[in-house]
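Trainee: Please take me closely through a single part of this predicted model. I should like one connected account.

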There are 6 protein chains.
Amino acid sequence: MLVLLVNVNTSAEATAQMAAAARLKAAPGTEVVGLTPAYGATGVDSNTQSLIAAVGVMDAVRRYPDPYDAVVVGGFGEHGREGLQELVDVPVLDIAECAAHVAMMLGRTFSVVTTLQRSVAQVEDRLLLAGLVARCASVRAVGLATRELDDDPAAATDAIVACARRCVEEDHAEVVVLGCGGMAGLDSLVSAAVGVPVVDGVAAAVAVAESLVRLGLRTSSLGSTALPDLSATSWPIAPGEHDV
Amino acid sequence: MLVLLVNVNTSAEATAQMAAAARLKAAPGTEVVGLTPAYGATGVDSNTQSLIAAVGVMDAVRRYPDPYDAVVVGGFGEHGREGLQELVDVPVLDIAECAAHVAMMLGRTFSVVTTLQRSVAQVEDRLLLAGLVARCASVRAVGLATRELDDDPAAATDAIVACARRCVEEDHAEVVVLGCGGMAGLDSLVSAAVGVPVVDGVAAAVAVAESLVRLGLRTSSLGSTALPDLSATSWPIAPGEHDV
Amino acid sequence: MLVLLVNVNTSAEATAQMAAAARLKAAPGTEVVGLTPAYGATGVDSNTQSLIAAVGVMDAVRRYPDPYDAVVVGGFGEHGREGLQELVDVPVLDIAECAAHVAMMLGRTFSVVTTLQRSVAQVEDRLLLAGLVARCASVRAVGLATRELDDDPAAATDAIVACARRCVEEDHAEVVVLGCGGMAGLDSLVSAAVGVPVVDGVAAAVAVAESLVRLGLRTSSLGSTALPDLSATSWPIAPGEHDV
Amino acid sequence: MLVLLVNVNTSAEATAQMAAAARLKAAPGTEVVGLTPAYGATGVDSNTQSLIAAVGVMDAVRRYPDPYDAVVVGGFGEHGREGLQELVDVPVLDIAECAAHVAMMLGRTFSVVTTLQRSVAQVEDRLLLAGLVARCASVRAVGLATRELDDDPAAATDAIVACARRCVEEDHAEVVVLGCGGMAGLDSLVSAAVGVPVVDGVAAAVAVAESLVRLGLRTSSLGSTALPDLSATSWPIAPGEHDV
Amino acid sequence: MLVLLVNVNTSAEATAQMAAAARLKAAPGTEVVGLTPAYGATGVDSNTQSLIAAVGVMDAVRRYPDPYDAVVVGGFGEHGREGLQELVDVPVLDIAECAAHVAMMLGRTFSVVTTLQRSVAQVEDRLLLAGLVARCASVRAVGLATRELDDDPAAATDAIVACARRCVEEDHAEVVVLGCGGMAGLDSLVSAAVGVPVVDGVAAAVAVAESLVRLGLRTSSLGSTALPDLSATSWPIAPGEHDV
Amino acid sequence: MLVLLVNVNTSAEATAQMAAAARLKAAPGTEVVGLTPAYGATGVDSNTQSLIAAVGVMDAVRRYPDPYDAVVVGGFGEHGREGLQELVDVPVLDIAECAAHVAMMLGRTFSVVTTLQRSVAQVEDRLLLAGLVARCASVRAVGLATRELDDDPAAATDAIVACARRCVEEDHAEVVVLGCGGMAGLDSLVSAAVGVPVVDGVAAAVAVAESLVRLGLRTSSLGSTALPDLSATSWPIAPGEHDV
C-alpha cells in the first residue's frame, strides 16, 4: 500500500522529517512517499499562505506519476482536503481531522496545541467545518511559528509541554492533539510529561488511510465530493509572471 | 493482535456472524474473538435491554481469561462503551461511533439506517454524546427489529436499500452507515444499489482498533475514563434470584 | 399518593437520609417510600458503577410489590431513568433533570455543584441528553466522592459553599443546583451562604412527581419510552456466579 | 396558597375560562385568581400586541392589592415573564416554558401546536431564550387566530387534533403541548385522539407554581432577575392621550 | 433621506447626544431626526424598563407626523425592534444587531462592552434571538449604569477601555462593539487605546439604514414581520391612572 | 470612493455584467471597478475551482495598480475573503456573507437560492464559518451550473422563481437571497414573483462597503486577519509549467 504524504509547506526538510516520523508508525507493507509542493510557503501560518498552499498541494498530487492508495495532507488547519477529495478517488485525509477523530476515541474531550495564536482560528474553523468541535475542550497556541519550532527544538518542546499541561489542568482535556505537522514525533515525550494520550496527526492520518484502503472504502463520488467539470479551469498554475 | 468483538445481545449465532464478517475485513495478523454475553437480551431494541446488555458486556469482557489488545462493542446505539473504557486499559471502540468517524472521512454528510423507529432515538443520543451529530444528515429506521432482520434476509435487504436511498435522495447524505450490528456484511450490496460508500460499523471498528493498537494509543487514564474505585461494587452479577 | 424514591447506591443509610429529607418537603398526603437496590455500589462515582446501578434500580422498582404513583431516581448523572420510563407507566423522574428544570424557572442561568471532577462529565452528559444545557452556566466539582461527603459533614459543607460561590461569582449563575443525592438537605444552608436560590434535586423531583400525578400525566407510551418486548431478556439478574 | 393567573389579552371571558380550567386541576387548597389586564389586545397574535400586553400584565399584577404566592402568565410565546420576575419576589411562571418543562419529563421530544403561522416564530423565540429547544421536535400552526378558536370550537378542535397528529407522525413527537392559553381544557380530548400525553400550559404552570411555593423557592434576586432601580421610570401607563 | 433615530430612554439630552454623534458619520443627504419617547425610563437597565420602553418607542414612532425612510432603535439589548418591524414598512434597525453585523465583517470574532452585569444577559439574549452569537467572543460589563456614564465621563471612558482590553487580550476579540447607546462617540478613542476596530452601534445602524434605503429594500411583509390586525388593541397608551 | 469588485471566475463578460448591475445600485460618488482574475475557472462550481479562484482573486487584487477603498469578492460560497482580509487593510466583503447580513435585517429567517446541489454544501459551509446559519431557513439549488444560467436566461429565471417559492412556502423564509454572482440583477423580478424581499449579494456587498468606508472602519489588524509574514511565500503564481 502506498500513501502519499503531501506537506503543505515547501520545505523539503520538513517533508522528510514528517515522512520519517510517519514511517516509524506505519504498518508493515505501507510505503509512505513524502511530497513537497513546488510552490507555496516555507511555513504556513495564515489563510493567504494556506490558500496558495492548497493549490500547491493539489498540483503536487496531480503531478505524482505513479499509482497510490491514499493521500494524507500534512497541514493542521490548512485548506486543501476539500479540493483533493474531488480530484482523486482514493481516500484523502487531513491530519487535523484524523487527529481529532482518533482523539475522540481515546477520551471524552481533547485539546489541540498549535503554533501561533492566529493559527487557533484556523484550527477551530477546520474542526467546525468537519463537525468535530463538540468534544474539543480547547485549542491553545504555544506562541511559536511553524518555522521557529525547528530553531530551538528543546525550547519548543518545553513550550508544547507547558501548553499541553494547561489543556489538561485548566480545560479538563482527556487527550491532547499536536496541532502542527512540524510537531510530528513529539507525541511520546509530551504524553509522558502530561499523563494523557497524545495524538500525532500525521501518524493518525496514515493509520486511518491504511484502514480505509484495507476496507475498500473510497471518498463518496456523489454530492460535494464528486469530480467537478474542470474543462474550463486554469491548470497547471506555477510561480511566474503572467500577462495582465 | 487480538481484538475482542463483544456482541451486545445474547445470540451466539449473531456473534458468530458478526465475527465472521469482521474477519473478512480484518488485517492479516488480526485475530477476532467473538464474545457473547451470558445474559442480556437476544435482541436489544430498547433502553431497558441496552442497560442490562451493558452490564452483560462488561461481565463478558471481564471474564475473558487471556490477553487482548482492543475491545469492540458490537452494538449500534447501546450503552456500555463508557463503562468498559474505565475498566480496561486497551482501546474500547463502539461500532456506532467508529462508523460515524469513518463515514465523516469519506464525505461531508452521512446518514444512519437503523432497525426500529425507537432505535433512532438511541442512535441519535449516542451520536450526540459522542459529539458526532454535526455532519449527520439523518437517522432513519427500516421498521424491522434486530431479530426480524434474520427472518427474511431478502426482504430486510430490500428495506435497507430503500431506506438508504431516501437518505441519499432526500437528506443529501454522501455516505450511508449501516446502523445495526446485525446488518454486518451488507455494505457492498447496499453501496452498489445506492451509489455512495456504505460503512459497516463492525468492520470500521475493527480497523480502528488495529490502528490504535499499532500506534500504541490507549484510552486516557485521566478524567472520565480513569479506572474507578470498584471496591464496594457488586460484582459479578448474573441471572438468578437474590434475597430481598 | 405514593412516590417510590429509589436510591442509585446500595447504602440503606443513604436511602433513609434521602427519604427523610424528601418527606420534610413533600406535600401533605404524599407518602415517600425509599428503595435501596439489592446490588450496585455503595457510592456511584463512575460509568461502570452507574450502569450496574441502573440495572439494580430497575430490579428494585420491579420487585416492589404494591401500587405506586411515581418513581424518583435518586442519582445525579447516573443512567437508569431512560430504562425505567419504558418499564413502568407512571411518571419516572431523574433528580438531575428535575433540579435543572426547577432551576431554570428561578433564574436565567444555573450551575451544578457535584462531587468529583469525573462526575462533572456524567452530569454534563445527562443534561446534554435531556436537552438542558443551554442555560447551564457551569458544572463544578468539590473534589469529594459521594461516600466522603458523610465522613466529615462540616468540611463537606464548607467545600460545597465555596464551590457554589465560584459558580455565582465567576460563572454568573443565578441559581445553584446541588448535584448529588447525598447533598440533600443542605439547600437552605448553601442558599443562605451564597445568596441565590439553591435547588435540592430530591425535593424538586418529589414535587414534580406530585404535580404530574395530580395532573394525570404519564410517560408517553409511544416512541422511545414505549414498553419494549422483553420476552427474550434475562431477568432477574442478581449478584452471583453464572456458568460461562 | 393563592396563585395569580394573569391573562395576556384583555378578554375577561377568556380569563374566566382559563381560570376555570386551571381550578379543575389545581391542588386542594390552591386558590386561582384570574386577572385581566386593563389594556392590551383582545387577542395577542403579534409582537406589537405582545409588547403592549407585557406592560398591561405588569400593570395588572402591580395593582393587585392582596398578597399572593405565585404568578402565572397565561401567554404562549408572549413577552412579559422576564419583566415580572424582576418586579415581584414570588415565583413567576410562563405557560409556554412550564409546558415545555413538563413535556420534557414525559417523553424524549415534544411538539407545540399553536394558532397562526406567525405565532410559530414567537413560540420558537421564547423556547430559544428559555433554553428549551433541544428536545422540541416542531412548532406547528393550526392556522386560526386566538380569537377564532372560540368562534367555532368544534372546527378548532378538529384542526388542533389534525395538527397534533402531524407532530406525532411526521416529527416523531412523543408529547404534544397545546400552544395557546385559549386551548386550555382540550388536553384530554387531543390526547385521546392522538395517543400521546398532551400538556396544557395553564395547568402545568399552576402545578409548577404550587411546587415551587411548597418548596419555599423564589426567583433569584441576583443577576438578571434582581429588582431594578425603577425610580425614574414612567409608571403607571394607561390607555389615553399624552401631550407630545 | 430621513432616518428616525428613536432613543429607548426618555432623556432628551441623551437623544440629542446620540443624534449629534450619528450626524457626524451619516452620509451627505441623510437627515437624522432624534425622537425621545414620551414615557419609559430615563435609563433602561432592566427588562421591566425595556418592555415599557418598547411601547414608548412604538408610540413615539407612530406619532411622528412626517414621512421617513428608516427607523433606528437606539437601544443595546432592549425590546422593541420586533414590534416596530411589524408596524412600519420601512427598514427598522436595532443598534445592537447592526453593530454585531458590522463587527462580523471586520474580523472573525467580536466582543461587546456594556454597562451593568445584568445588561450582559439582555445583550446576550438579543444576539441569540437575532442569530448573531456564533462569532461573539464575549459580552462584558464595565459596572456602570447607563445614567452613570455621563456623571464622570473620564472615569467611564477609562472603565470602557479597560474592559475592551480584556475582551481583546483574554477573549481574543478581533473587533469590539460599544454596547450602549450612551457610549456613542467613544469609538475612535477606544480603538486607539486597544488596537482593534471599535464599532459604535448608532453610527453602524444609520449606515445600514442608508444602504437598505438606497437598495430599495424593506422589511418582509410576510411571516413574523407582517402587519398584524391591531383592530382590538389598546392604543395609544400613556402615563396616567386608569380605572380598575 | 472606489470599490474593487473582483469576480471569482475568469469570464470578463460575467465581470462586466456584475459590475454593471452593481453600478445601478451604488451610491452617487461610488466608482465600481470590475476585476477579472487572470486564471481560475470560467465558472466556479466546486472546491477545487474555488481554491484556485481564491489565489487568482488575491493575485488580481494584488496587481491592481491604483488606490481603492474596499474590495468586494463576487463569489457565493467560494474561498478567498479570509486571505484577502489579511493582505489588504481596506474592508474586504464577501457577497454571500453580506447578503446574509442584509437579509437578517429584513426578516427573521432567510433562504438562499443557489445553482447546483453541490454548491449548497459550499454555501452552507461559508455561512457556518461566518457564524450566519442560525437564521438560515434553507439553502436550495435550482439545478443549473453557473455557466448554464446564461444559456437560457428565461428558463433560469423560472427555475429561480420556483425555487424561491419553495423557500417561502415550505421553509417559511421571510427573505430570499440570490446565491450566485451570476444572478445579479434578478432581485426585483424574483421579489415581485414570490412576495418577499430578495437580496442580491453584489448590490448588498457594495452597499456595505460604502458604509464601512464612510464610517472609517477597516479590517482588524490583530488576530486572524493581521498581515502575515509572507517573506518566504511563492508569489506570483500564474498558469504555466514549473520544473518538478
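Mentor: A residue is called buried under 20% relative accessible area, exposed over 50%, and partly exposed in between (1.4 Å probe, protein chains only). Residues are numbered from 1 along each chain as its sequence is written, with chains lettered from A and ligands numbered from 1 in the order in which they are written. In this predicted model local features need pLDDT of at least 70, side-chain atom pairs count only at pLDDT 80 or more, and totals for chains, interfaces and linings use all residues, while side-chain values use heavy atoms, without hydrogens and water.

Consider helix 5 of chain B, residues 117-130; helices (H or I, at least four residues) and strands (E, at least two) are DSSP runs numbered from the N terminus. Its 14 residues should span 20 Å at 1.5 Å a residue, and the end C-alpha atoms, 21 Å apart, agree with this; the expected span is 1.5 Å times one less than the number of residues. Of the 14 residues of helix 5 of chain B, 10 are buried, so the rest of the structure largely encloses this helix. Among the buried residues are R118(B), V123(B), R126(B) and A130(B). After the helix comes G131(B), with a positive phi near 75°.

In chain D, R126(D) pairs with E82(D), the closest N and O atoms being 3.1 Å apart. E82(D) belongs to helix 3 and R126(D) to helix 5 of chain D, so this pair ties together parts 44 residues apart in sequence. R126(D) is buried, at a relative accessible area of 5%.

Methods. A salt bridge is a side-chain nitrogen of Lys or Arg within 4 Å of a carboxyl oxygen of Asp or Glu.
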